[in-house]
Amino acid sequence: MRRALLGPIVALGMGITFMTGCQGPTSRVVGMSVEGRPIECRTLGYGGRTVLFMATIHGDESVGTPLLRDLEAHLQAHPRLLTGRTIVFLPVANPDGFAHNTRENAHGVDLNRNFPADNFDASKNHGVAPLSEPESRAIMAVLEEHAPDAIITIHQPYGVLDYDGPGEPLASAMAAQCDLPVKRVGSRPGSLGSYAGLTLGIPIITVEYREDASDLTEQQLWEKYGASLVAAAIYPEMLD
């Protein structure tokens, strides 16, 4: 059944310090934004397959942040899902954009065009060079440290599951648990999708929720999309 693993959600607050155990969670600051806001990385589980979930690299596309909070809570409430897995969260990749409700960071750079992909295109909006921005450097540090087997990055507003690299099977597994179709949007210059998927060959799914997802409550978002995120976390296993 589609949501058989989606039980009660354990509410978690941002900024809480947890005691760490064999499966986490652990939390640490991996970088600072242009305006000095911390970029937090949270980790659950240990060993085995590693999946990186990232939200709000575009500050005005922030519905992924509460969804990742609830995904973390769900995985803690169902620790068997973490067996043989490491789940890494970057819940707010662009904290200045999040604070100001802007797509770009405080330098006016679209962070999702600032990665050293083969198709990087220098400009004022993309950055003068790959990784010119502290936020994209922090994301790169997480990629290098954790070497994820798959990446899920959450955006709006196109209403599709886009993928780069060998990500189509994972996108299809997620699509089976929600109402978003699998559709290739195209590899944007200097995007994380282009870098991770095409340059590095990592399966990466760009989740594009619809624009009206911003009108949903946190609970409604989880009820609508939680199962697809759980499916991504436990892939290649399937929901019961």
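## Terms and model

A residue is called buried when its relative accessible area is under 20%, exposed when that area is over 50%, and partly exposed in between, as found with a 1.4 Å probe on protein chains only. By this rule Cys 41 counts as buried, at 2% relative accessibility.

The structure is a predicted model, in which local features need pLDDT of at least 70 and side-chain atom pairs count only at pLDDT 80 or more, while totals for chains, interfaces and linings use all residues. Residues are numbered from 1 along each chain as its sequence is written, and side-chain values use heavy atoms, with hydrogens and water left out.

## The sheet

Helices (H or I, at least four residues) and strands (E, at least two) are DSSP runs, numbered from the N terminus, and two strands are said to pair if DSSP finds at least two bridges between them. With these terms, 7 strands form an open sheet of mixed pairing, in the order 1-2-4-3-5-7-6. Strand 1 (26–32) and strand 6 stand at the edges with a single partner strand each, so one side of each has no neighbour in the sheet. On average, and with direction ignored, neighbouring strands of this sheet are turned by 15° against each other; such angles run from 0 to 180 degrees between N-to-C directions, along axes that are lines fitted to C-alpha atoms, for helices over the stretch in contact.

Strand 3 (residues 49–55) runs parallel to strand 4 (residues 85–90), and 6 bridges join them; Leu 52 has Val 88 in strand 4 as its bridge partner.

## Strand 6 and its surroundings

Although strand 6 stands at an edge of the sheet, this strand (residues 158–164) is mostly covered, with 6 of its 7 residues buried. Strand 6 pairs with strand 7 (residues 204–210) in the antiparallel sense over 6 bridges, and Leu 161 has Val 207 in strand 7 as its bridge partner. Helix 4 (residues 168–175) lies across strand 5 (150–155), strand 6 and strand 7, and runs at about 150° to strand 6.

## His 100 and the cysteines

His 100 lies in helix 2 (residues 95–100) and is partly exposed, with a relative accessible area of 45%. Apart from its neighbours within four places in sequence, His 100 is in contact (heavy atoms within 4.5 Å) with Glu 35 and Arg 37. Gly 59 is 41 residues away from His 100 along the chain, and their C-alpha atoms are separated by 7.4 Å.

Cys 178 is buried, with a relative accessible area of 11%. A search of the whole structure finds 0 disulfides, a disulfide being a pair of cysteine sulfur atoms within 2.5 Å.
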